[in-house]
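Below are some notes on the model you sent. They take the strands, the charged pairs and the nonpolar core in turn.

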Amino acid sequence: MAPNAQDRALGQSAANVRQHLVDRMRDRAISIADLNQLRLWIDSQPEVPEGDWFKDFGSFKICGHGSYPKTFLLRGQPAKGEAL
């Protein structure tokens, strides 16, 4: 695969993940206050493991794999991976 074709494929994948996160955020009614907590955590440039991980914010959890966030969960929904 040509390098620019690979970049386009990766870009589309990132766009799909981003849209999935937006959709889950809406589905799970994550508030502006919750998103502010998430923004502050992201701004702190946290170290995350290479495998599965999650961060529990009380009213929601964000789950990821390596440096990529993958989905949001509601309070009480089980998450897999390393708790941060």
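Predicted model: local features only at pLDDT ≥ 70, side-chain atom pairs only at ≥ 80, totals over all residues.

**Notes on the model**

1. Phe 54 stands opposite Cys 63 in strand 2. Strand 1, residues 52-56, pairs with strand 2 in the antiparallel sense, over 5 bridges. The two strands form a hairpin with 3 residues between them. In that turn, Gly 58 has a positive phi of about 95°.

2. On to the next pairing. Strand 2 and strand 3 (residues 68-74) run antiparallel and are joined by 6 bridges. Here Phe 60 stands opposite Leu 74 in strand 3. This hairpin has 2 residues between its strands, and Gly 66 in the turn has a positive phi of about 60°.

3. Which residues make up the largest nonpolar core? There are 8 in all: Ile 30, Leu 38, Trp 41, Trp 53, Phe 57, Phe 60, Ile 62 and Phe 72. Helix 2 and strand 2 are the elements that give two or more residues to this core. In soluble globular proteins, nonpolar side chains tend to be buried together.

4. The salt bridges come to 2 by count. In one of them, the side chains of Arg 39 and Asp 43 meet at 2.9 Å, N to O. Both residues lie in helix 2 (residues 32-43), 4 residues apart, which is about one turn of the helix. Arg 39 is partly exposed, with a relative accessible area of 41%.

5. Lys 80 forms a salt bridge with Asp 52, and the closest N and O atoms are 3.6 Å apart. This pair links distant parts of the chain: Lys 80 is in the loop between strand 3 and strand 4 (82-83), Asp 52 is in strand 1, and they are 28 residues apart. Are the two partners buried or exposed? Lys 80 is exposed, at 62% relative accessible area, whereas Asp 52 counts as partly exposed at 31%. Side chains of opposite charge can pair when their charged atoms come close.

Definitions and conventions
Residues numbered from 1 in each chain as written. Heavy atoms only, no water. Pairing = 2+ DSSP bridges. Salt bridge = Lys/Arg side-chain N within 4 Å of Asp/Glu carboxyl O. Buried < 20%, exposed > 50% of the residue type's maximum accessible area, 1.4 Å probe, protein only. Core = buried A, V, L, I, M, F, W, Y, C linked by side-chain atoms within 4.5 Å.
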